[in-house]
Amino acid sequence: MTANDPVATFRLEAQELLDQLEQALLDLEQSPDRRDLIDGAFRALHTLKGSGAMFGFEAMAGFTHHVENAFDQVRKGQLAICPALVGVALAAQDHIRGMIDTPDGEHAARGDALLAELAALLTPCGACRVDDQPPAQRWRISFRLAQDAMAMGNNPLLLLDELRGLGHCTVVALTDGVPDLAEIQPDGCYLGWDVVLTTTVPRAEIEGVFLFVADDAQLSIEPIGLSDDARLGEILTARGEVTQQLVEEMIAQRPVIGEMLVEAGKVSPEAVKSALAEQGHIARDNLQTAKLAKSADTSIRVPAERLDELMDRVGELVIAQARFKQLAAAGGDPQMKAMAEEMDRLSSELRDTTMGIRMVPISSLFGRFRRLVHDLSRDLGKSVRLVTSGEDTELDKTVIERLNDPLVHLVRNAIDHGLETAAERTAAGKPGEGTVRLEAFQSGAQVVIRVSEDGRGLDRARIQAKAEENGIIAPGAKLSDDELFQLVFQPGFSTAKEVTSVSGRGVGMDVVKRGIEALRGTVDIGNGSHGGACVTVRLPLTLAIIDGLLVRVGKGRFVIPLADVEECVELTAEADAHSRGRSFLNIRGDLVPFLRLREMFSTVPPPDRYQKVVVVSVSGRRVGLVVDQVIGEHQTVIKSLSCLHADIDAFSGATILGDGAVALILDVEHLVACGQGREEDRRLAG
Amino acid sequence: MDNDVMTGDLEVLTFALDGEMFAVEAGLVREILDMVPVTEVPNSRPSMGGLINVRGKVVPLCDLGPKLGLERRAASIDTRIVVLDLRLDDEPLSVGVVVDKVYEVTQIAAAAMEEAPSIGLTIRKEFIHGIGKRGQNFIIVLKIERLFDIADSVGVG
């Protein structure tokens, strides 16, 4: 798609608008009187209609016009939001989507039916009015604490902070009461403050701030009733500093009123300063309102490839910078070193910013599931509530996109297989409405996404029976819960008794697992705390850069993804000597098997005297990797290996180190699997 | 690069490997580097020499010796890495090749090019684009993509 094809751009925009509309509608179903949602829905419809007509989608624009009308009535309070209206609007939203995707399709009949439904709802009924928030009011607060206030334990800073908490606040300190240095008491409070506050809270609340100091302080709180573009003279008059007449006289004489008044000795410079601050405050207030109104169009659309390119460049810059830093450190020129440090800071900021650009809150993904749940619960006749949390958790854009399909599958599974029908639930003493939980949170360098429900949970016996039937495990095999549950990720595994249109063809969970592993993530299933099944997906924050642990084996340096690393211990001479027959370590009472990377990589140079063991966790098990040296942490920009090295799966990629050398990144899972294979070969041979 | 039509002159980069003079089409050459530190890839095929850093990109380094039936010589002051931009299965691939010495970029007249003879060569015929003559010397112009294309079958044969 080219960026300058206007119809394509419109389509993209329309997708976004439709998504916004959908979210607003679904939210409205929950809270029908949220004014902002109604406005949002109306705006989306209005824009769709307008730009649709502009780009030749007349039929769509005509249809949208009617829906927009309905929401206009809602907006004016002539029509109340009810589930029926939301339902029709959702269907209409789908219809609009269809009309945009296939403008030449046959839409008229469906459109007329929807409009008829809509018209039936348009009979005016009890208006739902929403109380507007009280408009913000400006207050002029002027206070001067007693001179011993600080000695009494009061802190004017706290008062000011509290005022700031109430709204937009401009503070001017009045220093005219400060005596000469010789007369100053160190704990005396000589300052006065003029504060202009824009807030929606009532006067009483402002007074509450001064509750404990009011007795000894001079305090005045008065509303500012001036127009937005008040002149300094007007402000001073309103504050009672000068009379209207005096101001007028002064204005007549010279243009710069503040200076004149001061010069004339009519007001103190402090008073003018404070009044000027008030003027500035009002101007800023207006600016902020203008900014809020504008914030809707301060984002720009950038093709994803450009971001990828940018990320590549930044990755190269980070590498080049690391080399530069090393050279500068070796050179010993202090100016060079200072420059290198400066560059280091800049490039790491640039890296973070660039990564930040690519980060998208997961709410964009979760949002889609609300509709899915809404539709599924209707199709399956199960009443389902979707609870989401951690929507603002951020993930790399690519990860979010590729996460959609696996998550859709998990949510479908949860509703279709996990939750019982309302009748079954009531019989089991649970509330009729099932709950599906979607949670996301960040844990270290990983993002954890959890899909859980409060249904019947995983059935051990059924999974075992099914696995035996499909020949995945030997009959009567004894497996732990964990091992058994992981079997549902095997290809061709499904315990659903009947195949439904939603899920249950047994092609599900292994696809989910593969999709998530392709993102360098992991997936686990178990029974959650709410009774039902709980699927936990763990994903790296980004695909482009990882934190790694740099180790040395022989002469080669390798990066182990830090997310896999649990701890590093020393390989004692004792364990080393014993390990001919058994390769186990005793770590705080646990048996941890270990692999020697030297042997796996056929390293020639003799081992270091004190070898280290990096303990990594591989699908829940701990395995030690024996290395010669642990060098340290390393920010790793991942470079994929060329197709010429595609047959080597012990490495997931390569990276460039600070000195310009290339280091390989270990794929711990494959490496351990490969090591197991070797051990078995050896056992068979021996 | 077509294998039968050879119209006009061919611009090539000539280099030495194990005492023989070889050439590749100059258009495929991105740059020529002095030897750089090479990162070995454990358990890879012997012809795959490891990985090098070419201006921030990780590029595989190949040793053509085993495929062409040549001995590998120890690195000397003349040893160079020729970085080539190839297309393999329509995917771009940058690859480095170690050569004993780089001579020059030169033209080989179409008239001076001959098809590879079917006997008298230790190198498999499908790797050769043609044989050029330059003064008293023969230059073997390699069909360099083919060397990577059938990389797997070579190890077996």
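# Helix crossing, sheet and chain contacts

Trainee: Is the crossing of α1(A) and α2(A) left-handed or right-handed?
Mentor: The crossing of the two helices is left-handed, meaning that the near helix is turned anticlockwise from the far one by less than a right angle. Helices (H or I, at least four residues) and strands (E, at least two) are DSSP runs, numbered from the N terminus.

Trainee: What should I know about the model and the numbering?
Mentor: This is a predicted model, in which local features need pLDDT of at least 70 and side-chain atom pairs count only at pLDDT 80 or more, while totals for chains, interfaces and linings use all residues. Residues are numbered from 1 along each chain as its sequence is written, and chains are lettered from A and ligands numbered from 1 in the order in which they are written.

Trainee: Back to the helices: at what angle do the axes of α1(A) and α2(A) cross?
Mentor: At roughly 155 degrees; the axes of α1 (residues 6-30) and α2 (residues 35-54) of chain A come within 9 Å. The pair is therefore roughly antiparallel, a label for angles over 145 degrees, with under 35 counting as roughly parallel, 65 to 115 as roughly perpendicular and the rest as oblique. Axes are lines fitted to C-alpha atoms, for helices over the stretch in contact, and angles run from 0 to 180 degrees between N-to-C directions.

Trainee: And which residues of α1(A) and α2(A) meet?
Mentor: Among them are Phe10(A), Leu17(A) and Leu28(A) in α1(A), and Leu37(A), Ala44(A) and Ser51(A) in α2(A). Contact here requires C-beta atoms, placed from the backbone, within 7 Å. By class, the contact has 13 nonpolar, 4 polar and 2 charged residues. Ala, Val, Leu, Ile, Met, Phe, Trp, Tyr, Cys and Pro count as nonpolar, Asp, Glu, Lys and Arg as charged, and the others, Gly among them, as polar.

Trainee: New topic: in what order do the strands of the open sheet of 5 strands run?
Mentor: The order is β19-β12-β13-β21-β20 in chain A, with mixed pairing; two strands pair if DSSP finds at least two bridges between them. β19 (629-637) and β20 (651-656) of chain A stand at the edges with a single partner strand each, so one side of each has no neighbour in the sheet. Neighbouring strands are turned by 35 degrees against each other on average, direction ignored.

Trainee: Which helix packs on that sheet?
Mentor: Helix α12 (residues 304-331) of chain A does, touching β12 (545-553), β19 and β20 of chain A. Its direction makes about 145 degrees with that of β19(A).

Trainee: How many residues of chain A are in contact with chain B?
Mentor: 20 residues of chain A are in contact with 20 residues of chain B. On the chain A side, the elements giving two or more residues are α12, β20 and β21. That side divides into 13 nonpolar, 5 polar and 2 charged residues.

Terms used: Contact = placed C-beta atoms within 7 Å.
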